[in-house]
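Look at the sequence and the structure first, then read on.

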Amino acid sequence: MTEVVLSAERVELGTRRAPRERVRLRREVVTEEVSVTVTVRREVLRVDRQPLGSDEPDDGGPAPAGEQPPLELVLSQERPVVSLEVVPYERVRVGVREVAGDTRVSTSRSREVLEGGVVQTGAGDAGAG
């Protein structure tokens, strides 16, 4: 009796990690217009006048020109002052997670088959050999 061993390719599946894409994160500065109302104060000159009564002494009237220097005052005002300071306002965490999904894979495999049939031997073959 004769034996023949037939072979076939076995499909083995697995996974291998491969680079998919490169990602870059960049911070950008966005400038926005901000409008804020600020209350400012200023000094104004106020003159209080009092009429002289008839019983109050007269100091002799106005002083002659050039004898008394004029009274000068410096009036102040507030002005808005803007200053900017960079301060942290938010913490952002970036992470990577794996997402599993099913992918259909198709491939071809080969296998051996045995074809059999009866081989006719002729009368002339029996005497040879």
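Arg-46 and Asp-48 are both exposed, where exposed means over 50% relative accessible area, buried under 20%, and partly exposed in between, with a 1.4 Å probe and protein chains only. These two residues also form a salt bridge, with 3.5 Å between the closest N and O atoms. A salt bridge here is a side-chain nitrogen of Lys or Arg within 4 Å of a carboxyl oxygen of Asp or Glu.

The model is predicted: local features need pLDDT of at least 70, side-chain atom pairs count only at pLDDT 80 or more, and totals for chains, interfaces and linings use all residues. Residues are numbered from 1 along each chain as its sequence is written, and side-chain values use heavy atoms, leaving out hydrogens and water.

**Salt bridges**

Side chains of opposite charge can pair when their charged atoms come close. The whole structure holds 5 salt bridges, and the table gives some of them.

| Residues | N to O distance |
|---|---|
| Arg-17 and Glu-98 | 2.5 Å |
| Arg-20 and Glu-21 | 3.1 Å |
| Arg-46 and Asp-48 | 3.5 Å |

**The chain as a whole**

The secondary structure comes to 1 helix and 0 strands. Helices (H or I, at least four residues) and strands (E, at least two) are DSSP runs, numbered from the N terminus. Of the 129 residues in the chain, 0% are buried. The accessible surface of the chain is about 15,900 Å², and carbon and sulfur atoms account for 48% of that surface. Accessible areas come from the Shrake-Rupley method with a 1.4 Å probe; for residues, only the protein chains shown count as cover.

Leu-45, Val-47, Leu-71, Leu-73 and Leu-75 make up a nonpolar surface patch with about 580 Å² of accessible area together. Patches consist of residues with over 30% relative accessible area and no salt bridge; like charges are joined within 9 Å, and nonpolar side chains (Val, Leu, Ile, Met, Phe, Trp, Tyr) within 5 Å. Leu-75 belongs to the segment before α1 (123-126). Leu-75 counts as partly exposed because its relative accessibility is 46%.

Ser-108 also lies in the segment before α1, and counts as exposed because its relative accessibility is 67%. Ser-108 and Glu-9 are 99 residues apart along the chain, with 9.2 Å between their C-alpha atoms.
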